[in-house]
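I hope they are handy while you have the structure open.

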Amino acid sequence: MSDTLNINLKVWRQANGNEKGKFESYQVQANPDMSFLEMFDVLNEQLIEDGREPVAFDHDCREGICGMCSMVINGRPHGPKQGVTTCQLHMRSFKDGDTVVVEPWRASAFPVIKDLSVDRGAFDRIIAAGGYVSVNTGNAVDANSILIPKDVADKAFEAATCIGCGACVSACKNASAMLFVGAKVTQLSMLPQGQAERESRVVAMVNQMDAEGFGACTNTGACAAECPKEIPLSVIATLNREYTSAKLKGR
Amino acid sequence: MSQKLDSKIPAGNLADKWTQYRSSVSLVNPANKRNLEVIVVGTGLAGASAAATLAEMGYKVKAFCFQDSPRRAHSIAAQGGINAAKNYQNDGDSVYRLFYDTIKGGDYRAREANVHRLAEVSTNIIDQCVAQGVPFAREYGGTLSNRSFGGTQVQRTFYAAGQTGQQLLLGAYSALERQVGVGNVKMYTRHEMIEVVTIDGKARGIIARDLVSGKLERHFGHAVLLCTGGYGNVFYLSTNAMGSNVTAAWKAHKAGAYFANPCFTQIHPTCIPVSGHYQSKLTLMSESLRNDGRIWVPKAKGDKRHPNDIPEEERDYYLERRYPAFGNLVPRDVASRAAKERCDAGYGVGSSGMAVYLDFRYNMMNKYGRAEATKAGIENPDEATLFRLGKEVVKEKYGNLFDMYKQITDEDPYEVPMRIYPAVHYTMGGLWVDYELQTTVPGLYALGEANFSDHGANRLGASALMQGLADGYFVIPYTVGSYLSKEIHTKAIDTQHEAFEDAEKRASERIEKLMSIQGKRSVESYHRELGLIMWDKCGMARSEAGLKQAIDEIRALREDFYKNVRIPGKINEFNPELDKAGRVADFLELGELMCLDALNRNESCGGHFREEYQTEEGEALRDDEQYAYVAAWENTGEGWNLHKEDLQYENIKIQQRSYK
Ligand SMILES: Cc1cc2nc3c(=O)[nH]c(=O)nc-3n(C[C@H](O)[C@H](O)[C@H](O)COP(=O)(O)OP(=O)(O)OC[C@H]3O[C@@H](n4cnc5c(N)ncnc54)[C@H](O)[C@@H]3O)c2cc1C
Ligand code: SF4
Ligand code: FES
């Protein structure tokens with residue numbers, strides 16, 4: 001199991017948002033059991049030892065749930081494996097001698113901060129525009145007085161598992177955020193708690209999404225194909241339906 | 001100069017204290033709230049819920065987190081569930097029982113009044129979360145579903161598959177973003193608090209570093225709330241997120257806040273074992289798995305057979321053997337020590353011998369497979385059918401955890417038992433706070449994992465999420481009013497004030513000093529070395545000699561750090577290595593205090609196991625005569641002074657903790 005893999009890395013280096021970036025090549029020895037980010041740790045220790053600048057990249061939980069890690073690996077957000085984030089990708093998915101190209105998310109709504117780190121603040125602003133149920137602390141009724149059929153709860157949960165990573169945007173040739181927005185709108189529009197603001201919510205979120213400069217959706221499906229949480233394309237259909245019906249009602 | 005620690009526990013009957021407190025605490029009228037500013041550092045469950053609620057009430061809030069979004073706080077990773085004394089299962093649960101279980105689980109080292117309040121508000125938390133649209137697991141009839149966690153005999157844990165923390169945090173985050181949207185909260189992401197500013201002994205603000213530009217900023221607040229999580233990463237390898245750190249709490253400690261029970265750390269029994277020297281973190285396999293997974297090792301030493309080839313009678317289900325009443329659901333400290341005991345004795349499995357099996361096959365087939373077969377009317381189902389039917393149920397309950405295990409280890413846990421080993425997970429210790437969650441610095445509060453208050457020497461599973469949200473949604477909104485009602489005449493203080501000036505100078509000198517060293521070793525290498533010292537000598541088992549040695553080693557390592565660390569890049573730019581260096585510098589001080597605290601506590605209790613103090617059966621041996629107190633450490637600049645808060649148990653009879 002512990003055969004060493006020699007990996008040729010081509011990594012996007014960019015000092016900050018104002019400077020131009022370029023690819024740089026590095027060689028790393030990896031172990032098949034290490035994660036992709038641990039391979040970057042090894043690279044960075046090597047760079048520091050050589051007196052060079054380590055590669056900046058975002059990460060935190062390293063178990064696929066915080067949504068912080070964000071690398072485009074050989075052209076695919078979060079790499080070649082289905083249903084995993086960058087931090088959950090292991091080097092056993094690569095072969096000895098492979099060349100691996102690593103870039104940041106590419107979307108004008110996600111400007112590069114440095115190297116592989118980008119600014120995804122636009123997602124927070126979309127949620128702030130309407131991705132919530134307006135219920136102040138202390139206003140709640142007993143939890144079991146709201147009965148929700150199991151299949152509805154399960155479906156809402158499935159949509160709610162989005163980790164806000166932005167891979168969908170990066171995967172889309174138009175840099176559309178419809179999958180991300182659709183996931184939240186689907187979750188809240190299915191649940192009884194979300195009904196009161198159902199229409200105002202979807203309109204506010206879509207308006208904010210447009211204001212942030214995300215592109216239009218042309219139903220290519222690249223987003224869902226790359227989503228590490230396998231959020232289904234159907235949430236976009238729901239989003240469209242919810243939006244149209246809200247607009248028809250004059251929202 | 002021992003200042004008396006006043007825990008401000010209200011008088012009266014235990015069950016009435018909180019109600020009475022709430023009904024008599026001073027209030028701030030709405031007009032005044034608009035002029036009062038509150039700084040909330042941290043946006044995990046504790047911080048997000050506090051910031052949202054205070055903003056809803058009308059306070060002006062500034063919130064900070066070091067990640068790129070408040071939604072990414074470490075709380076997001078919590079898996080198994082959240083406790084609440086709802087008694088929806090009609091199985092005898094009550095506020096008192098949750099209170100009792102928590103005190104006992106904490107090995108009688110937590111404060112009664114705080115824990116009772118926690119149990120009381122637990123039910124409100126579930127209501128609030130459901131109202132926000134948190135999609136908890138449900139039964140077919142539409143009611144909420146529950147499961148069991150360790151150290152309890154009722155089903156009171158609410159959950160959302162293995163992603164409960166994510167769903168709860170997204171609920172709190174959406175409430176927070178709603179307040180950001182309407183302008184009541186100003187959110188600062190990618191900001192790290194690195195100084196507390198005090199004026200005339202009161203907390204009046206913070207110095208934060210913008211991690212993108214590297215610039216220092218001054219922020220004023222009438223009160224400062226630290227909701228900055230735990231310090232488990234002092235061990236380098238832990239289940240915590242990579243960025244989790246002690247810096248905020250440590251700076252508060254240096255500004256006068258006492259640090260309580262630092263040596264009370266929790267080692268979680270079921271984590272994926274270390275696979276190599278490059279390992280950057282450890283992954284938890286939720287305690288909920290112990291509902292259906294049975295823990296065992298071979299009865300024969302060094303048995304190298306495939307686990308599925310080891311027959312039933314040659315397996316040692318050591319938890320079921322040693323603790324028949326609780327079996328696999330004993331509390332974490334007990335389960336972890338038992339695993340270590342077996343591995344140290346040579347019965348461990350896997351290539352390193354430092355692992356035990358967590359096996360689902362029995363319950364998958366016999367509990368779920370059979371039930372499903374009966375439902376489907378299949379008589380005498382064969383093994384393959386039982387396996388197929390049982391697997392579906394197990395998948396629904398724990399699917400994402402099983403997937404996670406497979407991604408990491410490349411083994412399929414439906415087919416072969418998981419291999420697991422204990423790992424650092426949670427810190428019960430933290431900033432000392434009184435009943436109002438105020439530290440020893442007036443105006444400075446600590447919430448969530450950052451404080452020490454509710455879990456004693458061992459936390460029960462699914463109780464951290466409960467505590468974080470209790471503190472943020474239901475406790476601080478009242479208790480901070482008791483302080484702020486006296487501050488309504490304090491005008492916002494200009495950040496040109498010399499206290500801000502001084503604090504900023506301290507911070508920038510520290511950063512410049514770190515950058516100027518330009519030695520040879522990476523920050524990471526120091527962190528790794530510190531982690532090893534802590535794990536070996538202040539981990540699952542501690543001894544006087546080991547702890548003394550650890551203190552010497554940590555001091556030497558710290559000295560070397562300030563001579564030889566190399567931090568690349570510049571100060572005024574995005575520089576994750578510099579961020580890490582500041583955090584590791586603080587860990588290098590905290591580690592010493594943890595060992596000191598462990599050395600001082602000449603007893604074993606909960607997660608703190610001193611080898612010298614154990615029963616003949618190897619169980620923790622408490623010393624209630626001498627050590628039924630909270631150890632609160634004051635930083636003197638040169639060292640530490642110990643202050644003791646005696647713990648009084650008026651409603652619970654202290655006993656030897658037994659799960660047999
Ligand atoms: C893998 C895992 C699974 C768990 N599962 C469960 C479970 O099932 N049930 C349960 O009850 N508990 C569980 N726990 C424990 C629980 O998740 C944590 O104790 C709890 O979420 C801590 O919440 P918090 O709000 O106190 O802090 P955190 O969620 O850690 O948040 C800390 C916040 O502080 C910010 N911060 C820290 N320092 C600074 C600084 N200097 N400047 C600015 N911001 C700062 C961070 O950005 C972050 O926003 C689990 C823990 C782990 C590791
Ligand atoms: S929809 Fe999927 S890809 Fe997009 S942000 Fe959510 S989890 Fe990431
Ligand atoms: S680091 Fe959290 S999802 Fe990858």
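1. How many residues surround ligand 1, and which are the closest? Please keep in mind that this is a predicted model. The shell around ligand 1 holds 39 residues, and the closest are Q67(B), S75(B), G80(B), M193(B) and E449(B). Chains A and B both give residues to the surroundings of ligand 1, so this site is shared between chains.

2. Backbone atoms also come into the picture at ligand 1. A polar backbone atom of A464(B) lies 2.9 Å from an oxygen atom of the ligand. For L45(B), the distance from a polar backbone atom to an oxygen atom of ligand 1 is 3.1 Å. C227(B) likewise has a polar backbone atom 3.4 Å from an oxygen atom of ligand 1.

3. Now for ligand 2. Its shell counts 13 residues, with C162(A), C165(A), G166(A), C168(A) and C227(A) as the closest. Two elements of chain A, α4 (167-171) and α5, each give two or more residues to that shell. What classes of residue make up the shell around ligand 2? There are 11 nonpolar and two polar residues in it, and no charged ones.

4. The interface between the chains deserves a paragraph of its own. Here 72 residues of chain A are in contact with 76 residues of chain B. Together the two chains bury about 6000 Å², and 52% of this is on carbon and sulfur atoms. On the chain A side, the residues that lose the most area to chain B are E63(A), T137(A) and K150(A), which together make up 12% of what that side buries.

5. What kinds of polar interaction link the chains? Eight salt bridges are counted between chain A and chain B. One salt bridge pairs R120(A) with D68(B), and their closest N and O atoms are 3.0 Å apart. There are also 45 residue pairs in polar contact across the interface of chain A and chain B, with both residues at pLDDT 80 or more.

6. Which elements of chain A supply at least two residues each to the side that touches chain B? The list is α1 (36-49), β6 (112-114), β7 (117-118), α2 (121-130), α3 (150-160) and α5 (178-190). Of the elements, α3(A) gives the most, with six residues. Sorted by class, the side of chain A that touches chain B has 33 nonpolar, 19 polar and 20 charged residues.

7. Next, the inside of chain A.

8. One salt bridge is counted between the two domains; the side chains of R76(A) and E226(A) meet in a salt bridge at 3.0 Å, N to O. Four residue pairs are in polar contact between the two domains of chain A, both residues at pLDDT 80 or more.

9. Last, chain B, which is divided into domain 1 (270-423) and domain 2 (499-636). The C-alpha centres of these domains of chain B lie 34 Å apart, and 10 residues of domain 1 are in contact with 10 residues of domain 2. They bury about 750 Å² between them, 57% of it on carbon and sulfur atoms. D333(B), R337(B) and K340(B) supply 55% of the area that domain 1 of chain B buries against domain 2, more than any other three residues. The side chains of R322(B) and E619(B) form a salt bridge at 3.3 Å, N to O.

Terms used:
Residues numbered from 1 in each chain as written. Chains lettered and ligands numbered in written order. Predicted model: local features only at pLDDT ≥ 70, side-chain atom pairs only at ≥ 80, totals over all residues. Heavy atoms only, no water. Contact = heavy atoms within 4.5 Å. Buried area = accessible area lost by both parts, 1.4 Å probe. Salt bridge = Lys/Arg side-chain N within 4 Å of Asp/Glu carboxyl O. Polar contact = N/O pair within 3.5 Å; in protein donor to acceptor, adjacent residues only side chain to side chain. Helix = DSSP H or I, 4+ residues; strand = E, 2+ residues; numbered from the N terminus. Nonpolar A, V, L, I, M, F, W, Y, C, P; charged D, E, K, R; others polar. Domains from an automatic or database assignment. Near = heavy atom within 4 Å.
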